[in-house]
Amino acid sequence: MVIQSNQAKRLQMPEPWQDPKIKPYVSIKNLTKRFGERLAVNDVSLSIYKGELFSLLGHSGCGKTTLLRMLAGFESPTSGKIFIDGMDMTNTPAYKRPVSMVFQSYALFPHMTVEQNVAFGLIQEGMKKNEIRDRVDSYLKLVQMSGYENRKPHQLSGGERQRVALARSLVKQPKLVLLDEPLAALDKKLRERTQLELVNIQEKIGVTFIMVSHDQEEAMTMSTRIGVMNEGRILQIGGPTEVYEYPNSKYVANFIGSVNLFEGLVVEEKADHVIVKSTMLEKNLYVTHSASAPVGAQINVAIRPEKVMLTTKEPTDEYNWTSGIVQDIVYLGDVSIYYVKLSSGIIVLATVANLVRAAERPIQWDDKVYLHWKPQSGIVLAV
Ligand code: ATP
């Protein structure tokens, strides 16, 4: 998983959610939405703070768009409340909310020029012509689309159209911008570039963004915090590093990045560690940093592939290693992923940085290898 530089910058932000004196900007309280039998959003409570870029992340159908649409006022909740800036907005119509939405499909008017598209909302509000011109100019500049005023949407690339759609949402200076998979239609390279642009724009104007995504790398790169959703519920809320390094469930561990899971029995529990016996491995697992689990509990220990080290020499340690045969090596340029089959039959993934060229690497297919990891690399999760 590549953690990009802007995320490192975001990690230095003061964290308002850690400060009980700071009031959330958006408060969602026990929000539920049913479509007939289908429970699309199930009792979600969530606080989002001013200036955040909060991502709702989850598989298709988990309820993230429905949650976003309820915030926008396009869908009314079956039960629960929505507060924005301290005001109860649960029954406020969409056009009266201080909210703007950016759609995946851009939703630009095809017969209007870029300038007319961006100006549309301001004309409807009855703003004076010269003020509109100044405002539109400054927002087109912000999204780096000055000079494109007279083009029609079909004369723009996907990325340019998305930037115009963003300018159109921002020009009315909403306090809250909701983005529904805003970059999904862009190719990978353009998407990565636009992610950084979006973050820069959001930081520049200090507006609060709530974004829906099913792309975990995108959410990791851009967000202050991520809410991981499954089947209408939020399973975990945390910063990108927190949900990656300390997932609170098997589902989150598997959804954010890849993970090796070893099921086993807790045989020792002390204040600073647990020891777990797993029939999948030759040696017991010694895990620090763990949620406490009582002796006799059946649990999973999760270990990320990049935390698994490979060697051809048998380790002398008492814990945290096993052996296997290299079944496959997937070369990804900067790293290779080794698929190692253990004698218990399970496959363990190890991500190894390609410090030398592929032909020179010391471990090849069918080699016997030892896999080992540090006590602080394991995460204890419920089965
Ligand atoms: P995707 O990433 O595919 O957009 P999502 O996580 O945004 O998925 P939602 O669109 O919120 O998911 O849908 C959640 C569930 O509610 C799905 O099972 C969907 O079929 C259902 N659903 C959404 N809108 C309606 C509707 N208007 N009528 C009936 N069911 C709906």
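Q: In which sense do E3 and E8 pair, and over how many bridges?
A: This is a predicted model. In it, strand E3 (residues 53-57) runs parallel to E8, and the two pair over five bridges.

Q: Which residue is the bridge partner of Leu-57 in E8?
A: Ser-213 is the bridge partner of Leu-57 there.

Q: What is the strand order of the open sheet?
A: The order is E6-E7-E8-E3-E9-E10, six strands with mixed pairing. Strand E6 (99-102) and E10 are the edge strands; each has a single partner strand, so one side of each has no neighbour in the sheet. From one strand to the next, the twist averages 20°.

Q: Which strands does H5 lie across?
A: H5 lies across E6, E7 and E8, and its direction is at about 170° to E6.

Q: OK, the E10 end. In which sense does E10 pair with E9?
A: Antiparallel, over five bridges, with E10 covering residues 233-238. Val-228 stands opposite Gln-236 in E10.

Q: And which residue in that hairpin takes a positive phi?
A: Glu-231, with phi near 45°; the hairpin has two residues between its strands.

Q: Switching to the core. Which residues touch the most other members of the largest nonpolar core?
A: Leu-166, Leu-170, Leu-179 and Phe-209 do, in a core of 34 residues. Elements that each supply at least two residues of this core include helix H5 (158-170), strand E7 (176-180), helix H6 (188-205) and strand E8 (208-213). Helix H3 (114-125) and helix H4 (129-142) also supply at least two each.

Q: What is Phe-209 in contact with, leaving aside its neighbours within four places in sequence?
A: Its contacts are Glu-52, Leu-53, Phe-54, Leu-166, Leu-170, Val-177, Leu-179, Leu-198 and Gln-202.

Q: How many residues are in the second, separate core?
A: That core has 27 residues, among them Val-26, Val-41, Leu-178 and Ile-210.

Q: Last topic, Ser-223. Where is it?
A: Ser-223 sits in the loop between helix H7 (216-222) and strand E9 (225-230).

Q: Is Ser-223 buried or exposed?
A: Ser-223 is buried, because its relative accessible area is 2% and the cut-off for buried is under 20%.

Q: What does its side chain make a polar contact with?
A: The Ser-223 side chain makes one with the side chain of Ser-55, at 2.6 Å. The Ser-223 side chain also reaches the backbone oxygen of Ala-219, at 2.5 Å.

Definitions and conventions: Residues are numbered from 1 along each chain as its sequence is written. This is a predicted model: local features need pLDDT of at least 70, side-chain atom pairs count only at pLDDT 80 or more; totals for chains, interfaces and linings use all residues. Side-chain values use heavy atoms; hydrogens and water are left out. A nonpolar core is a set of buried Ala, Val, Leu, Ile, Met, Phe, Trp, Tyr and Cys residues joined through side-chain atoms within 4.5 Å. Buried means under 20% relative accessible area, exposed over 50%, partly exposed in between (1.4 Å probe, protein chains only). Helices (H or I, at least four residues) and strands (E, at least two) are DSSP runs, numbered from the N terminus. Contact means heavy atoms within 4.5 Å. A polar contact is a pair of N or O atoms within 3.5 Å; within protein, one must be able to donate a hydrogen and the other to accept it, and residues adjacent in sequence count only if both atoms are side-chain atoms. Two strands pair if DSSP finds at least two bridges between them. Axes are lines fitted to C-alpha atoms, for helices over the stretch in contact, and angles run from 0 to 180 degrees between N-to-C directions.
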